[in-house]
Amino acid sequence: MSAANSAEQTQLKGPSGFIEYRGQMLVVDYGRIYLESESYGFLCEDGFLKETSPFFGTKERKQTLWIDELPGCVFRGIDTNGLALELPAAEPGPSGDLVYNNLPFDVVNGRIVTKDHRYVGDLDEAGRVHVRVADSPDFKRLVDEYAQLHTTFVGENAQGEEWEFEYARPLNRRDKTYVDNEIIRYFEDFDKLTGPQKKYVLESLHLWSACGLLQVVRKSEGNCMLGNIKHGAAGVTAVRTGYVTLDRTEFEKEIDLFRRFGTLAVMTSPQKPYLEVRVNLVVAHEFGHQVEFCLSQATQERIREMYEERLKNCNRVHPRPRGYEGYCELLEPQQVAQRFFMSGYARSSHHEYWAECLAAFSIKEGREKLKACDKPVHDLLVELVLKPQNLVSRVVSDSIMSLQSSLHLGGEFHQDILQN
Ligand SMILES: [Zn+2]
């Protein structure tokens, strides 16, 4: 959101439209209610009325009340985000206190509202949550059972009868956040890792867990484990099963390099006097291969084109040294800043290119370096986090949208996630 946009948002405090009540038609302008240019109070987008004139509640002498308490009163217009809004809804709903992922909300006649009177979703009679979103025809997105976070409700149903329920995520540890719980489920035998190993895994995957992709990819492709890989690679992602195995020894080496240098290390190559840049994020790299399996054909094609463009330029400006049999981008010391690939290894194929770029993008410091080195792929990764439905295959598109809506409501996922 730009600065201008957010300034605008703070001004647009309430909805705009019309209120019909007691045979009168009142104008609502950014929340302020008028009848013949006289102020009659303020309407919040969740249906909360404040500073009301006696017109709305003379008998009770109340200055604040819910629109639902006024028989026959209806608002029609748009909310603070410009989405069509009618209050109250045609069908009555439950009312009470909702706690979603430890965040408190009020439920008023089915509407889930924040303590500062934003209308963020609906609670139905089955205890299911529908998040209010712009990109759906009825502005609602159902949070499916895989996406629902810990939920408790205490109140009454639409018929006014007492009603309570609780939903707990399976296999979740109550003392951990959603983000950590998902990483623990993804990384087999997480509890057996050492302190520094745990820290490295949590740091590497935090972004992917918080935006929901880790959960969706794990369900689609499988999880990750430590093992022994014979041919000396740091990790492998099985093409058929999608499971990741990381080599124990190499894993330790990655952690040590990451601790000392951060995302990238510049290593000397056996090919003197050349250098090779290295990304120290093997867990995120292998996860990147799993993500690739979940992308649409069109996205995979885009990545391949980005890679081939880089390869062409790399071959022209930094040709492989005479006698070098490998496929990495090797650089003379003064060429490091002008390299074409984020890491030497990213040159070897479009699959490794993607995995290396995704790995670097996982950490804030790496994201900034990737933006400077390869802006097109950086921007594609930004889109993958913020608008994954544009890039993933249809099979996982609904799950990721449901999950992101749920994580947004539960405060785990924000549009400014990449700033942290
Ligand atoms: Zn790889």
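Visitor: Which residues coordinate the zinc ion?
Guide: In this predicted model, the zinc ion is coordinated by His285 (NE2), His289 (NE2) and Glu352 (OE), at 2.1 Å. Donors are N, O and S atoms within 2.8 Å of the metal (3.2 Å for Na, K and Ca); water is not among the atoms, so sites may look incomplete.

Visitor: How are the donor residues spaced in sequence?
Guide: Their spacing is H-x3-H-x62-E.

Visitor: And where do His285 and His289 lie?
Guide: Both belong to helix 7 (residues 282-293), four residues apart, about one turn of the helix. Helices (H or I, at least four residues) and strands (E, at least two) are DSSP runs, numbered from the N terminus.

Visitor: Is His285 buried or exposed?
Guide: His285 is buried, with a relative accessible area of 6%, and His289 counts as buried at 11%. Buried means under 20% relative accessible area, exposed over 50%, partly exposed in between (1.4 Å probe, protein chains only).

Visitor: Changing topic, what is the strand order in the open sheet?
Guide: The order of its three strands is 17-19-18, with mixed pairing. Two strands pair if DSSP finds at least two bridges between them. Strand 17 (224-227) and strand 18 (235-237) are the edge strands.

Visitor: How many bridges join strand 18 to strand 19?
Guide: Three bridges join them, and the two strands run antiparallel. Val236 has Thr245 of strand 19 as its bridge partner.

Visitor: What cut-offs apply to the model?
Guide: Local features need pLDDT of at least 70, side-chain atom pairs count only at pLDDT 80 or more, and totals for chains, interfaces and linings use all residues. Residues are numbered from 1 along each chain as its sequence is written, and side-chain values use heavy atoms, leaving out hydrogens and water.
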